[in-house]
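Take it one topic at a time, and find each residue as you go.

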Amino acid sequence: MAGNRDRFSTFSTATRLKQLGERTAAHVYRSQSRRQVRRSRLTGRAALLVLVLCTLVVALAYPMRQYVSQRSEIADQQQAADRARKRLDELRDEKARWQDRAYAEQQARRHLHYVRPGEIGFTMVDSQAAEHRRTGTATADRPWYSNVWDGIDKADRPAD
């Protein structure tokens, strides 16, 4: 009976190991199938989330670009308006100065070489400038009216 017992216990141990292996394999197979189901469900959710985020980015990209460009355009227009206001203030100041008779007279005396009756006007001539005038060089660095008067003087002289 002892031999039967060993054979029976060996058989039962082998059977037990086989059943244990089958259960373990079934358990592993079930856990793998669950993981696959979870992964596929999680992947679907992730794909949907990525799709929604991409859609939002695409939908908001153009309006955001327009917003940024309009903000920079507004800033440029405000700077231009500030410059125009500053220029307007300068022109108003200049107009007010020209309304003053003394300022207008001062400008006429300075730029047009006007003198009052009884005053004697002097014009200082640089000797080098006179030499350049005779040779006809360096007319670009002189005032325009000097070139005009030189042309009139040359026209009045008889031809040699």
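Arg-109 and Glu-119 form a salt bridge, with their closest N and O atoms 3.0 Å apart. A salt bridge here is a side-chain nitrogen of Lys or Arg within 4 Å of a carboxyl oxygen of Asp or Glu. This is a predicted model, so local features need pLDDT of at least 70, side-chain atom pairs count only at pLDDT 80 or more, and totals for chains, interfaces and linings use all residues. Residues are numbered from 1 along each chain as its sequence is written, and side-chain values use heavy atoms, leaving out hydrogens and water.

**Salt bridges**

- Arg-109 sits in helix H2 and Glu-119 in the loop between H2 and H3, so this pair ties together parts that are 10 residues apart in sequence.
- Arg-109 is partly exposed, at a relative accessible area of 32%, and Glu-119 is partly exposed too, at 35%. Buried means under 20% relative accessible area, exposed means over 50%, and partly exposed lies in between (1.4 Å probe, protein chains only).
- Arg-116 and Glu-105 also meet through their side chains in a salt bridge (2.2 Å, N to O). That pair links distant parts of the chain, with Arg-116 in the loop between H2 and helix H3 (127–135) and Glu-105 in helix H2, 11 residues apart.
- Another salt bridge joins the side chains of Glu-90 and Arg-87 (3.7 Å, N to O). Both residues lie in helix H1, 3 residues apart, which is about one turn of the helix.
- How many salt bridges does the structure hold? It holds 4.

**Helices**

- The protein has 4 helices and 0 strands. Helices (H or I, at least four residues) and strands (E, at least two) are DSSP runs, numbered from the N terminus.
- Helix H2 (residues 101–112) has 12 residues and should span 16 Å at 1.5 Å a residue; its end C-alpha atoms are 16 Å apart, which agrees. The expected span is 1.5 Å times one less than the number of residues.
- Which residues of H2 are buried? They are Tyr-103, Gln-107 and Ala-108. Seen down the axis of H2, these buried residues fall within an arc of 135 degrees, so they line one face of the helix. The arc is that of the directions from the helix axis to the C-beta atoms.
- Just after H2, His-113 takes a positive phi of about 60 degrees.

**Aromatic pairs**

- A search of the whole structure finds 2 aromatic pairs. Rings of Phe, Tyr and Trp (its six-membered ring) pair if their centres lie within 6.5 Å; planes under 30 degrees apart count as stacked, over 60 as edge-to-face and the rest as tilted.
- Trp-98 and Tyr-103 make an edge-to-face pair, 5.2 Å centre to centre with 80 degrees between the planes.
- Trp-144 and Tyr-145 make an edge-to-face pair as well, at 5.9 Å centre to centre and 80 degrees between the planes. Trp-144 counts as exposed at 65% relative accessibility, while Tyr-145 counts as partly exposed at 29%.

**Surface**

- Of the 160 residues of the protein, 5% count as buried.
- The protein exposes about 15100 Å², and carbon and sulfur atoms supply 58% of it. Accessible areas come from the Shrake-Rupley method with a 1.4 Å probe; for residues, only the protein chains shown count as cover.
- Leu-53 lies in helix H1 (residues 2–99) and counts as partly exposed at 46% relative accessibility.
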